[in-house]
Amino acid sequence: MRRLFPVTDQTLSAGEPTGDAATRRAAGPAPAPAVDREWTLDELADAYAYPPAVTEALALPQAVTGAAAATGVTGPAAGSAAGARPWLRANMVSTLDGAAQHDGRSQTISSAADMRIFGALRGLADAVVVGAETVRLEEYRPARAREGFAARRAAAGQGPAPAIAVVSAGLDLDFSLPLFSEPTVPTLLVTGAGAPAARIRAAEKAGVEVLIAGEGPGADPARLVRALAARGFVRLLTEGGPRLLGQFVAAGVLDELCLTVSPTLTAGYAQRIAGGPGPGVPERFALVSLLEQDGYLFTRYRRV
């Protein structure tokens, strides 16, 4: 993996010195190419760390963090989240021609490096927010505790793994699946007050915690973020699908997009990474970093 942006000494060493031929001759031999190697989990975690403003606001005395762990709090302790602004980032993959899936799944346009970044982003998050349709199509399972992130999560006051927060209006979900019945950290179900009452009761009977974050059948995006933050989940990661991401974009609550550009073409009629009605004016994001491996581009954008 190579870092292409921001430009560093390592980036510059991957090519010849800039300038005309005479300048290049005067500069002497070109430096050796940068080593394209697999990054460690710690390097990936540092590269994708949440903004300091978020992590510093979550800092707690050790005694408070220990008390939270003793009481089984799965995200940062509620006291730590009180002064912190929630940060919602998205992680998606897209082909060169804009498809977010092939044959209904994103895995076919992904890569080993993309999956390592996927795992690193999960390892940093308090909660992973995902739409019900993606849960069904991608056959979601509980997030697992990763040994490589254990010390980092413990130091941040986090549980062993991020919670999965499933967003659904109709609640057409099988609550006997491992995502709900065998999670490392209890799975949450986020919906609206107008969701089918029988399905809410079925979820609660199965031991699933239901968060109400809207007056209609579905969750309101801004209320969803606030509800999770109130629950202690401030470092948020959404993996879509496109409909849910589109709702976050339209509501103006997406802070960051980590987009993998896959060097593939699929044509067809696959969805884009975000769908549905959009904001009145396109929202501008700025490039924060750009990595590359095996032709895949790993971009990171933040809202301007």
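This is a short walk through one predicted protein model.

Some ground rules. Residues are numbered from 1 along each chain as its sequence is written. In this predicted model, local features need pLDDT of at least 70, side-chain atom pairs count only at pLDDT 80 or more, and totals for chains, interfaces and linings use all residues, while side-chain values use heavy atoms, with hydrogens and water left out.

The overall picture. The protein chain has 13 helices and 10 strands. Those are DSSP runs, numbered from the N terminus: helices are H or I with at least four residues, strands are E with at least two. Of the 304 residues, 44% are buried. Buried means under 20% relative accessible area, exposed means over 50%, and partly exposed is in between, with a 1.4 Å probe and protein chains only.

Now helix 13, residues 242-251. Which of its residues are buried? Pro242, Leu244, Leu245, Gly246 and Phe248. Their cover includes strand 2, strand 3 (127-131), strand 4 (163-167), helix 12 (221-230) and strand 7 (235-238). Just after helix 13 comes Gly252, with a positive phi of about 70 degrees.

Next, Ser111. Ser111 sits in the loop between strand 2 (87-95) and helix 7 (112-124). Ser111 is buried, at 16% relative accessible area. A polar atom of its side chain lies 3.2 Å from the backbone nitrogen of Asp114. Setting aside neighbours within four places in sequence, Ser111 contacts Tyr296 and Phe298. Contact here means heavy atoms within 4.5 Å.

On to charges. The structure holds 17 salt bridges. The criterion is a side-chain nitrogen of Lys or Arg within 4 Å of a carboxyl oxygen of Asp or Glu. Glu43 and Arg37 make one, at 2.8 Å, N to O. Glu43 is partly exposed at 27% relative accessibility, and Arg37 is partly exposed at 37%. Glu215 pairs with Arg223, closest N and O atoms 2.7 Å apart. Glu215 is exposed, at 64% relative accessible area. Arg223 is partly exposed, at 28%.

The last pair is Arg303 with Asp255, at 3.3 Å between the closest N and O atoms. Arg303 lies in strand 10 (residues 296-303) and Asp255 in the loop between helix 13 and strand 8 (256-262), so the pair ties together parts 48 residues apart in sequence. Buried or exposed, what is Asp255? Asp255 is buried, with a relative accessible area of 4%. Arg303 is partly exposed, at 28% relative accessibility. Salt bridges with shared partners join Arg85, Asp255, Glu283 and Arg303 into one network.

Notes. A polar contact is a pair of N or O atoms within 3.5 Å; within protein, one must be able to donate a hydrogen and the other to accept it, and residues adjacent in sequence count only if both atoms are side-chain atoms.
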